[in-house]
Amino acid sequence: MAVIEPVTGDEGIGTLVSQLVEDVRGLAGAEVALVKARVGERASAYRNAAIFFAVAGVLALAALVALLVGIIMALATLIGPGLATAAVVLATLAIAAVLAIVGKGRLAPGVTR
């Protein structure tokens with residue numbers, strides 16, 4: 001960092017200009033360092049948020065699997081394990097297909113919902 005020295009009467013224009021250039025370079029370097037620090041802080045915050053979202057997604061998926069297994073086990077006492085598995089898988093695939101069709105429709109040009 002540049003040290004600002006008081007101006008005395010015996011310094012020439014060239015010396016003052018070179019000191020000004022040095023001071024401007026120091027200021028620019030400090031500004032660049034500040035911007036880098038801010039960007040690094042934001043990137044760290046987004047990375048941490050992404051990790052939390054990923055863990056939340058994995059846990060939500062595990063909960064969905066547990067729910068589907070529970071439905072299969074409950075239906076197995078009524079219609080047997082094979083039919084219960086088939087019924088739950090088909091129902092889940094039907095829901096997934098409807099969601100995919102709705103999603104595809106929202107990607108079509110000119111559709112805003």
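Mentor: Buried means under 20% relative accessible area, exposed means over 50%, and partly exposed lies in between (1.4 Å probe, protein chains only). The model is predicted: local features need pLDDT of at least 70, side-chain atom pairs count only at pLDDT 80 or more, and totals for chains, interfaces and linings use all residues. Residues are numbered from 1 along each chain as its sequence is written, and side-chain values use heavy atoms, leaving out hydrogens and water.

Trainee: What percentage of the residues of the protein chain count as buried?

Mentor: The protein chain has 113 residues. Its accessible surface (Shrake-Rupley method, 1.4 Å probe; for residues, only the protein chains shown count as cover) is about 9400 Å², with 75% belonging to carbon and sulfur atoms. The share of residues that count as buried is 4%.

Trainee: How many helices does the protein chain have?

Mentor: Helices (H or I, at least four residues) and strands (E, at least two) are DSSP runs, numbered from the N terminus. The protein chain has 0 strands. Its count of helices is 2.

Trainee: How far apart are the end C-alpha atoms of α1?

Mentor: The expected span of a helix is 1.5 Å times one less than its number of residues. α1 has 67 residues, so it should span 99 Å, and the computed distance agrees. Between the end C-alpha atoms of α1 it is 97 Å.

Trainee: Which residue follows α1?

Mentor: Helix α1 covers residues 13-79. The residue that follows α1 has a positive phi, near 95°. That residue is Gly-80.

Trainee: Is Val-88 buried or exposed?

Mentor: Val-88 belongs to helix α2, residues 81-107. Beyond its neighbours within four places in sequence, Val-88 has contacts (heavy atoms within 4.5 Å) with Leu-68, Ile-71, Ile-72 and Leu-75. The C-alpha atoms of Val-88 and Leu-68 are 7.0 Å apart, though 20 residues separate them along the chain. Because its relative accessible area is 7%, Val-88 counts as buried.

Trainee: What is the relative accessible area of Ala-87?

Mentor: Ala-87 also lies in helix α2. From Ala-87 to Leu-75, 12 residues away in sequence, the C-alpha distance is 8.9 Å. Ala-87 is partly exposed, and its relative accessible area is 34%.

Trainee: What is the relative accessibility of Leu-61?

Mentor: Leu-61 lies in helix α1. Leu-61 counts as exposed because its relative accessibility is 52%.
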